[in-house]
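Please read it with the model open alongside.

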Amino acid sequence: MRYSGFKVIKEALSGHKGWKPVWREPEPKKHYDIIIVGGGGHGLATAYYLAKEFGEKNIAVLEKGWIGSGNIGRNTTIIRSNYMLPGNEPFYEQSLKLWENLEQDFNYNAMVSQRSILNLFHNDPQRDAFVRRGNAMMLAGADAVLLDEQGIRDLCPYLDYDNARFPIKGGLMQPRGGTVRHDAVAWGYARGADQRGVDIIQNCEVTGFDINDGICSGVETSKGKISANKVAVCVAGSSGRVMSMAGMRLPIESHVLQAFVTEGLKPVLPGVITFGAGHFYCSQSDKGGLVFGGDIDGYNTYAQRGNLPVVEDVCEGGMAIMPMIGRSRLLRSWGGIMDMSMDGSPFIDKTHIDGLYFNGGWCYGGFKATPASGWCYAHLLAKDEPHPNASAYRLDRFLKGGMIDEKGMGAQPNLH
Ligand SMILES: Cc1cc2nc3c(=O)[nH]c(=O)nc-3n(C[C@H](O)[C@H](O)[C@H](O)COP(=O)(O)OP(=O)(O)OC[C@H]3O[C@@H](n4cnc5c(N)ncnc54)[C@H](O)[C@@H]3O)c2cc1C
């Protein structure tokens, strides 16, 4: 089904009876050319670009729950490309460019809103670091604007500029950053992939891999065995658990990240705002709720709910820069499982097992990466060589000294 203004009006006048499900519910076939394990944003985007850009025809996405049940439907919806290191910035800029044309590309309203992202700084050394980052971004073709205190005051007069510990001195803004309606991204990619013949199979958990003599020739699932020429794992927070079934131990830890949304307020935040002296980021949804989050819970877990110390920490961060947030009532909070890598950067790579590929380690930032991750993973699967923009995301980079440590934290996944 194509969407158009004409179709919306026609349906409105005829009781909305003509809308059809946007993807089929097929039974799995015995064999596929490519099986993608995990129907999150990255898995669906990979299937979509494999079919659309690389001409692959016989693809299945196997999802253990329902489409949108993972982090693609749990994140705080922020997109940006304000990275500094050469291994990262071209990749995230590619992603931002794909976001900019995504709705036209898959003809689905994902509410892509380039309302800007503003990273506040609170002291001189931090300003210098942001200047350096902004310059690196511009060298990679991204946009960056340095604002002084007055520039921020003009935008957001209600922030706490005189906080004794964390006075706001300015900020690095990326005007093209912003937010996107996260679950619409999953639905849009699912619909586009399904239209091109991809089988999206929900409630189908992968429970093992068929590996003999170092070759992966399929998967075992809760719906039986399915063979494939290539198996592409893309399960985000479950990466460690799933790859252990192939006998692999990953440089990844799983943690829970919580998110929060308040009651609807009148428009107040112009874009995404982040605290520079702690971990707190906030935007306002189109329904008016303030959507915010902070650090992961520091312990390893596969639970999709977190604990109160992080709730307190996030609220403290919010109160430190925007005390007015203390007057709003919290409506909901939830958690998602994060695949935190040792240097805070992801993996898009072949494994040492022939026919088995891995995509994961997205940490806090995998939502904004969704389009480029799908594109680059599809490139790797179709051509068996890494896309130039993802060529640093190798599994052996820790052995070879090729870490991509944006934050300079070292091998401390809970700090990235
Ligand atoms: C609270 C929160 C806030 C966040 N905020 C942001 C943000 O603002 N900006 C940003 O860029 N990123 C953000 N992220 C990170 C981002 O959401 C993730 O990095 C990204 O969504 C992960 O990729 P995915 O969409 O493919 O994951 P998921 O949607 O989690 O997809 C993985 C899928 O694999 C499935 N699966 C697992 N095991 C199996 C199996 N054995 N068989 C079959 N299927 C399986 C799961 O059910 C799941 O649906 C946030 C994350 C959380 C939790």
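A residue counts as buried under 20% relative accessible area, as exposed over 50%, and as partly exposed in between, with a 1.4 Å probe and protein chains only. Helices (H or I, at least four residues) and strands (E, at least two) are DSSP runs, numbered from the N terminus. The model is predicted, so that local features need pLDDT of at least 70 and side-chain atom pairs count only at pLDDT 80 or more, whereas totals for chains, interfaces and linings use all residues. Residues are numbered from 1 along each chain as its sequence is written, and side-chain values use heavy atoms, with hydrogens and water left out.

**Helix α4**

- Helix α4, residues 124-139, has 16 residues and reaches 23 Å from its first C-alpha to its last, close to the 22 Å expected at 1.5 Å a residue, where the expected span is 1.5 Å times one less than the number of residues.
- The residues Gln126, Phe130, Arg133, Gly134 and Met137 of α4 are buried.
- Seen down the axis of α4, its buried residues fall within an arc of 100°, so they line one face of the helix; the arc is that of the directions from the helix axis to the C-beta atoms.
- An α-helix has 3.6 residues a turn, so residues three or four places apart point the same way.
- Pro125, Arg132 and Leu139 are exposed on the other side of α4.

- Helix α6 has 14 residues and reaches 20 Å from its first C-alpha to its last, close to the 20 Å expected at 1.5 Å a residue.
- Twelve of the 14 residues of α6 are buried, which leaves the helix mostly covered, and among these buried residues are Asp183, Tyr189, Ala190 and Arg191.
- Gly43, which has its place in helix α2 (residues 41-53), counts as buried at 0% relative accessibility.
- Between Gly43 and Ala190 there are 147 residues in sequence, yet their C-alpha atoms are 9.4 Å apart in space.

**Second largest pocket**

- The second largest pocket has a volume of about 680 Å³, a volume being the space filled by probe spheres set on grid points that are joined across faces, edges and corners.
- On a 1 Å grid over the protein atoms alone, a pocket is an open set of points where a 1.4 Å probe fits, with protein on both sides within 12 Å along at least five of seven lines, and lining residues have an atom within 4 Å of a point.
- Of the 30 residues that line this pocket, His182, Ser285, Lys287, Val291 and Arg332 are the closest to its centre.
- At least two lining residues come from each of α6 (182-195), β12 (252-264), β14 (281-284), β15 (289-296) and β16 (330-341), and β12 gives the most, with four.

**Cysteines**

- The structure holds zero disulfides, a disulfide being a pair of cysteine sulfur atoms within 2.5 Å.
- The sulfur of Cys282 is 10 Å from the closest cysteine sulfur, that of Cys156, which is too far for a bond; Cys282 is buried, at a relative accessible area of 0%.
- For Cys315 the closest cysteine sulfur is in Cys282, 11 Å away and too far for a bond, and Cys315 is partly exposed at 34% relative accessibility.

**Positive phi values**

- Most residues other than glycine have a negative phi.
- Cys363, in the loop between β18 (356-360) and α9 (370-383), has a positive phi near 50° and is buried, with a relative accessible area of 7%.
- Asp384, in the loop between α9 and α10 (397-400), has a positive phi near 60° and is partly exposed, with a relative accessible area of 32%.
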